[in-house]
Amino acid sequence: MRKAAGPAERGRSLSFRSPVRYVGTSAAIAVGYFAFTELGKALLLKGPAGAFWPSAGLGIAILYLGGLRWWPAVLLGDLGSLASDVIHLGVAPGTAAAEAAGDLARTILAVVILRRLVGPGIMVERLREVGAVVLAVVCGAAISATVAMLALLAGSDIDSAQVVGFWRSWWLGDVSGGVVILSLALAWARGPGAVLRQRMAPEGAFVIAAVVGLSLAALSVREPLTYLVFPALIWAAIRLGAQGATLALTIAVGIAVWITSDALGPFVEHTPTENALNLQLYITIAALTTLCVTALCCERRRAGLALAESRARLVAAGDAERRRIERDLHDGAQQRLVALQVRLRLAEDIVEQDPTSARQKIAELRSATGEVLDDIRSLAAGIYPPDLAAFGLAEALRSLARRAPIAATVEVVGTARCRPEVEEAVYFCCSEALQNVVKHARDARAVFIWLKCDGDMRFEVRDNGSGFSDDGRGGGHGLANMRERIEAVGGTLEIRSVPGAGTTVIGRISPPWWRHTGRAGPSTGQNT
């Protein structure tokens, strides 16, 4: 019978497997990168540099998705490809080593830019993500092109007259290949999506077939039909999302490079360098157009879903509020009114027999009636604050601060009044923020509310509590409700919180939702 491995044996086994697994994975990455680079070489045009360099995008994708720890694998695959250039093309070993260093610097710089600007999980479904991808590839390609140019210039492989053309061609080749391949990898990193679902599969197949057919038709002739494929690419961007759009883009670019590398099509009418430039511009324009349209459509689709969810939450919140009002009326005012009815009947029975006791009962009933009125006023204030309707937002916030269980200060700048729905949204947002301080920031000693009622409306609710770490999830239902209230009246809401430095809620509302009505309150004031 085998004995179970103890903690020490398991630790040694894991420590042994991890380096072996890392070496094996690195070797597989290096081989794959080498094969991909060699495939890219097969599509190179004659000229000072390749028109399309897809391995630039593959290297960035590997390190961004897998982590920077895989840089030795990417470097090893690149060195293997450059070694074949040294053997077969007579490239100087020093020049090849410099190019490998430039390629690695390009890849690492692009990954760092992506992680700093957007963070992990890019799916090229937002304009911000598309912009980050383009910026990262552009900056990284500039490093690679500069290092390669200096290395070849030092080795007398090019002269000073070729420097500009060489740098431009190398840089555009890295940019075009990097944007296309990196976008494809990022879009498909989380597995197949809507493009392969049963409902979308027939349309996706038809779109891909249209891209292939239009690309072959446009690039197989020398007539001005180069951009005939763009309607199909835009169709893919609108209907198939990031995955379908990047796949269609890659197929269209691959066909263009393949046809042009065989000296066919509209990009071979001039010198090799000019041909490379024309193809690079075509690829870059096609990539930027497709990715931007895709991001806009995805953002619009997400906005529609968010709006539907927001409406559903509003309906649910309205139902819950109606149930709360019904419960409060039943448990509070209604019970008091029933008790009043019973006591009135008792007073009626004794009014002739014992007038003194009857007068005492009536006095008690008058006091009980006042309590019922207070309950109803409190309930009505939760629906729409009376101070807000009577005196405006500034005075309503001061009243809110006076009733708060924590020291609260209100400062108001400006005298203008705005539309009732705007005042209501700002009031309840400040009230919710104040309640959040009381509930969640128990170590907070004070809250400061600042309101600017001049031109663009702005308000802040700031506390000196412990704050919280903003993990990008946007907070809970309370913060979501606050944001929906302000966005419903054309404003924006921002939450700033630093652990140990408190939390600030900042809201802004611009015209036309904010407008003067001729009713004015105090211009400035402070109330604790």
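Val-124 is found in the loop between helix H4 (93–117) and helix H5 (127–154), where helices (H or I, at least four residues) and strands (E, at least two) are DSSP runs numbered from the N terminus. The phi angle of Val-124 is near 45 degrees, a positive value in a residue other than glycine. At 1% relative accessibility Val-124 counts as buried, the term buried standing for under 20% relative accessible area, exposed for over 50% and partly exposed for values in between (1.4 Å probe, protein chains only). A positive phi, near 60 degrees, is also taken by Ser-156, again a residue other than glycine. Ser-156 is placed in the loop between H5 and H6, and with a relative accessible area of 64% it is exposed.

The model is a predicted one, in which local features need pLDDT of at least 70 and side-chain atom pairs count only at pLDDT 80 or more, whereas totals for chains, interfaces and linings use all residues. Residues are numbered from 1 along each chain as its sequence is written, and side-chain values use heavy atoms, with hydrogens and water left out.

Two packed helices are described by the angle between their axes and the distance between the axes. Here axes are lines fitted to C-alpha atoms, for helices over the stretch in contact, and angles run from 0 to 180 degrees between N-to-C directions. Helix H2 (residues 55–66) packs on helix H6 (residues 163–187) at an angle of about 40 degrees, the axes being 6 Å apart. H2 is therefore oblique to H6, given that angles under 35 degrees count as roughly parallel, over 145 as roughly antiparallel, 65 to 115 as roughly perpendicular and the rest as oblique. The crossing of H2 and H6 is right-handed, meaning that the near helix is turned clockwise from the far one by less than a right angle, a left-handed crossing being anticlockwise. Residues of H2 including Ala-56, Ile-60 and Tyr-64 meet a set in H6 that includes Asp-174, Gly-177 and Ile-181, contact being defined as heavy atoms within 4.5 Å. By class, this contact of H2 with H6 has 10 nonpolar, 3 polar and 1 charged residues; Ala, Val, Leu, Ile, Met, Phe, Trp, Tyr, Cys and Pro count as nonpolar, Asp, Glu, Lys and Arg as charged, and the others, Gly among them, as polar.

The axes of helix H8 (residues 230–239) and helix H9 (residues 241–261) come within 6 Å and cross at roughly 160 degrees, which makes H8 roughly antiparallel to H9. The residues of this contact of H8 with H9 divide into 7 nonpolar, 2 polar and 1 charged.

Among the strands, S1 (residues 407–413) and S2 (residues 446–453) pair in the parallel sense over 7 bridges, pairing requiring that DSSP find at least two bridges between two strands. Within S2, Val-447 stands opposite Ala-408. S2 runs antiparallel to S3, to which it is joined by 7 bridges, and Ile-449 has Val-461 in S3 as its bridge partner. Strand S3 (residues 457–463) in turn pairs with S5 in the antiparallel sense over 6 bridges, with Thr-504 in S5 as the bridge partner of Arg-462. Strand S4 (residues 491–497) and S5 likewise pair in the antiparallel sense, over 7 bridges, and Leu-493 stands opposite Gly-507 in S5. The hairpin of S4 and S5 has 5 residues between the strands, and in it Gly-500 takes a positive phi near 90 degrees. Strand S5 (residues 503–509) is mostly covered, with 6 of its 7 residues buried.
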